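I opened this model to look up where its charged side chains pair and where its nonpolar side chains gather. My notes follow in the order in which I made them.

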Amino acid sequence: MTKRKGIIDRIEGKWVVVEFDDGMRDILISRFPMTVESGDVIWIDEYGHIEKDDCERERLSNEIDELMEELWED
């Protein structure tokens, strides 16, 4: 089964704007079986099933924090 990773950029009304490797997509919020917010990482399979990946969100958040600390140290 093929899955694609996306990061939620923002929510605009009934649409969730998701950034994938090949660009942005608008997905109806009703297709999400869970509550989502900006910065959440999701996986969507070829059948349209969506899963939220809290561990990947935490990893990316920590990575960004480390980069910000490096930036401010100089």
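I began with Asp22, which forms a salt bridge with Arg4, and I read 2.7 Å between the closest N and O atoms. I call a contact a salt bridge when a side-chain nitrogen of Lys or Arg lies within 4 Å of a carboxyl oxygen of Asp or Glu. This pair links distant parts of the chain, since Asp22 sits in the loop between β2 and β3 (23-28) while Arg4 belongs to strand β1 (residues 3-12), 18 residues apart. I use helices (H or I, at least four residues) and strands (E, at least two) as DSSP runs, numbered from the N terminus. Arg4 I noted as partly exposed, with a relative accessible area of 34%. For these labels, buried means under 20% relative accessible area, exposed means over 50%, and partly exposed is in between, with a 1.4 Å probe and protein chains only.

Before going on, I noted that this is a predicted model, in which local features need pLDDT of at least 70 and side-chain atom pairs count only at pLDDT 80 or more, while totals for chains, interfaces and linings use all residues. Residues are numbered from 1 along each chain as its sequence is written, and side-chain values use heavy atoms, with hydrogens and water left out.

**Further salt bridges**

How many salt bridges does the rule give? The count comes to ten.

I next looked at Lys5 and Glu56, whose side chains meet in a salt bridge at 3.0 Å, N to O. Lys5 lies in strand β1 and Glu56 in helix α1, so this pair ties together parts that are 51 residues apart in sequence. The two partners have separate labels in my notes: Lys5 is partly exposed at a relative accessible area of 30%, whereas Glu56 is buried at 13%. I also recorded that Glu56 and Ile7 are 49 residues apart in sequence and 10.0 Å apart in space, C-alpha to C-alpha. Lys5 and Glu56 belong to a network of salt bridges that also links Arg59 and Glu63.

Another pair I looked up is Arg10 with Asp9, a salt bridge in which the closest N and O atoms are 2.3 Å apart. Arg10 counts as partly exposed at 33% relative accessibility, and Asp9 counts as partly exposed at 34%.

**Chain layout and core**

I then stepped back to the whole protein chain, which has one helix and five strands and follows the pattern β-β-β-β-β-α when read along the sequence. Its C-alpha atoms fill a box of roughly 45 × 30 × 25 Å, taken along the principal axes. Buried residues make up 24% of the 74 residues in the protein chain.

Which residues form the largest nonpolar core? I listed ten: Ile8, Val16, Val18, Phe20, Ile27, Phe32, Val36, Ile42, Ile44 and Ile50. The elements that give two or more residues to this core are β2 (15-20) and β4 (41-45), and the largest share, three residues, comes from β2. A nonpolar core here is a set of buried Ala, Val, Leu, Ile, Met, Phe, Trp, Tyr and Cys residues joined through side-chain atoms within 4.5 Å.

**Surface patches**

On the surface I found a patch of negative charge, in which Asp54, Glu58, Asp65, Glu66, Glu69, Glu70 and Glu73 gather. Patches are made of residues with over 30% relative accessible area and no salt bridge, like charges being joined within 9 Å and nonpolar side chains (Val, Leu, Ile, Met, Phe, Trp, Tyr) within 5 Å. Asp65, one of the patch residues, lies in helix α1 (residues 54-73) and is partly exposed, with a relative accessible area of 40%.

I noted a nonpolar surface patch as well, about 490 Å², made by Ile64, Met68, Leu71 and Trp72. Trp72 has its place in helix α1 and counts as exposed at 66% relative accessibility.

**Two distances**

Last, I compared sequence separation with spacing for two residues. Ser38, found in the loop between β3 and β4, is 27 residues from Ile11 in sequence and 7.1 Å from Ile11 in space, C-alpha to C-alpha. Met24, in strand β3, is 22 residues from Thr2 in sequence and 19 Å from Thr2 in space, C-alpha to C-alpha.

Note on methods
Accessible areas come from the Shrake-Rupley method with a 1.4 Å probe; for residues, only the protein chains shown count as cover. Lys and Arg count as positive and Asp and Glu as negative; His and the chain ends are not counted. The place of a charge is taken as NZ of Lys, CZ of Arg, CG of Asp or CD of Glu.
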